[in-house]
Amino acid sequence: MAKATKKQALGRGLSALLKDPSNDIQSIQDEGADKVIGSIVELDITSIEVNPFQPRTNFSEESLQELASSIRELGIIQPITVRKLEFNKYQLVSGERRYRASKLVGLETIPAYIRIANDQESLEMALVENIQRQDLDPIEIALSYQRLIDEINLTQEQMSERVGKKRSTITNYLRLLKLDPIIQTGMRDGFISMGHGRALVTVEDQATQLEIYEAVLTEKLSVRNTEELVRQYNTTNATESDTKTNAESTTPAHVKKGIKDFSEYFGHKIDVKVSKNGKGKIIIPFHSEEDFNRIKKLVQRAE
């Protein structure tokens, strides 16, 4: 505890200034604001509340305990950032893990940078800071980007400037949100990587996404193998789609009308194939022996 206290002996004079009601700083124009804004100030932990805009929702208890042990030995190496709400009351902008770990250690004060910001600015700062972290999963990052779009009304170009990432990188993260929620959860839990997700998102049908996802887990497929499996599916699907489109475009009008009549009569979707010379075949599917016998009776009745 002694080591942590020694490391945090910063901004004591500023702390006293902030606790003086006659010097309550509410904006950057107030007297003394220039001494506080941008400086490291020692704040009472009890005067800080968590940020309701915090993009991150999962905090590993094990990692918090590890960080607490580090703080106990070395103190807070990187100050947290807060915004001023009212006299001697602050709200976290970034550094919630450090804040939580410090409370676990039992520290009474914590070094902090103080910002003057409204709710929207606070949300933007929290989201941008969150995106820069190295320990976030791809879905958490994607959700932070999406919130910058939905709640701050930033374009992808503006986000690129804010976070220092290429626009294509931002696009790749946002596309992950098109994955089935089960696959998103699998990525957050570390069952698959972002590379797997980027391959799966090229499959539009979410039911098929899940089939491939299950194959990835069962067979422990690498990203490259997953990409190949998806490529095979997309190629087959495109071929079938082209074949169906071509067949529909070359089917004579009288046959198209007849297909509907046949389908209604037999109670199944009837497939008709027609060659260029006008000849063709009618395919009547059945799903069981009973279904086959039912169709047989219908054919006999028609005779």
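The following legends describe close-up views of a predicted model.

**View 1. Overall content of the chain.** The predicted chain contains 15 helices and 7 strands. Of its 303 residues, 38% are buried. Contacts between residues at least 6 apart in sequence join residues at least 24 apart in 67% of cases.

**View 2. Packing of helix H7 against helix H10.** Two packed helices are described by the angle between their axes and the distance between the axes. For helix H7 (residues 138-151) and helix H10 (residues 181-188), the angle is about 120° and the axes are 7 Å apart. The H7 side of the contact consists of Pro138, Ile139, Glu140 and Leu143, which meet Gln184, Met187 and Arg188 in H10. Sorted by class, the residues of this contact are 4 nonpolar, 1 polar and 2 charged.

**View 3. The buried side of helix H10 and its two ends.** Ile183, Gln184, Gly186 and Met187 are the buried residues of H10. These residues lie on the same side of H10, because they cover an arc of only 160° around the axis. Their cover includes H7, helix H11 (194-200) and helix H12 (206-219). At the start of H10, the backbone nitrogen of isoleucine 182 has a side-chain oxygen of aspartate 180 within 2.8 Å. Following H10 is glycine 190, with a positive phi near 85°.

**View 4. Isoleucine 192 in the loop between H10 and H11.** Isoleucine 192 belongs to the loop that lies between H10 and H11. Its relative accessibility is 5%, so isoleucine 192 counts as buried. Not counting residues up to four places away in sequence, isoleucine 192 touches Ile183, Gly186 and Met187 as well as Gly197, Leu200, Tyr213, Val216 and Leu217. Ile183, Gly186 and Met187 are among the buried residues of H10. The C-alpha atom of isoleucine 192 is separated by 9.3 Å from that of lysine 220, which is 28 residues away along the chain.

**View 5. Lysine 220 in the loop between H12 and H13.** Lysine 220 is found in the loop between H12 and helix H13 (223-250). Although this residue is not a glycine, the phi of lysine 220 is positive, near 50°. Lysine 220 is exposed, with a relative accessible area of 73%.

**View 6. The aromatic pair of tyrosine 145 and tyrosine 173.** A pair of aromatic rings is described by the distance of the centres and the angle of the planes. The count for the model comes to 1 aromatic pair. This pair is formed by tyrosine 145 and tyrosine 173, whose ring centres are 5.9 Å apart and whose planes make an angle of 50°, a tilted arrangement. The pair links distant parts of the chain, with tyrosine 145 in helix H7 and tyrosine 173 in helix H9 (residues 167-175), 28 residues apart. Tyrosine 145 is buried, at a relative accessible area of 0%. Tyrosine 173 is likewise buried, at a relative accessible area of 16%.

**View 7. Asparagine 153 in the loop between H7 and H8.** The loop between H7 and helix H8 (156-163) contains asparagine 153. Asparagine 153 has a positive phi, near 60°, in a residue other than glycine. With 60% relative accessibility, asparagine 153 counts as exposed.

View 8. Serine 160 is part of helix H8. Its relative accessibility is 15%, so serine 160 counts as buried. The side chain of serine 160 reaches the backbone oxygen of lysine 165 at 2.5 Å. Beyond its neighbours within four places in sequence, serine 160 is in contact with Lys165, Lys166, Arg167 and Ile170.

**View 9. Leucine 64 in helix H4.** Helix H4 (residues 61-74) includes leucine 64. Leucine 64 counts as buried, at 5% relative accessibility. Setting aside neighbours within four places in sequence, the contacts of leucine 64 are with Phe59, Arg97, Arg100, Ala101 and Leu104. Leucine 64 and arginine 100 are 36 residues apart along the chain, and their C-alpha atoms are separated by 7.4 Å.

Terms used:
Residues are numbered from 1 along each chain as its sequence is written. This is a predicted model: local features need pLDDT of at least 70, side-chain atom pairs count only at pLDDT 80 or more; totals for chains, interfaces and linings use all residues. Side-chain values use heavy atoms; hydrogens and water are left out. Axes are lines fitted to C-alpha atoms, for helices over the stretch in contact, and angles run from 0 to 180 degrees between N-to-C directions. Helices (H or I, at least four residues) and strands (E, at least two) are DSSP runs, numbered from the N terminus. Contact means heavy atoms within 4.5 Å. Ala, Val, Leu, Ile, Met, Phe, Trp, Tyr, Cys and Pro count as nonpolar, Asp, Glu, Lys and Arg as charged, and the others, Gly among them, as polar. Rings of Phe, Tyr and Trp (its six-membered ring) pair if their centres lie within 6.5 Å; planes under 30 degrees apart count as stacked, over 60 as edge-to-face and the rest as tilted. Buried means under 20% relative accessible area, exposed over 50%, partly exposed in between (1.4 Å probe, protein chains only). The arc is that of the directions from the helix axis to the C-beta atoms. A polar contact is a pair of N or O atoms within 3.5 Å; within protein, one must be able to donate a hydrogen and the other to accept it, and residues adjacent in sequence count only if both atoms are side-chain atoms.
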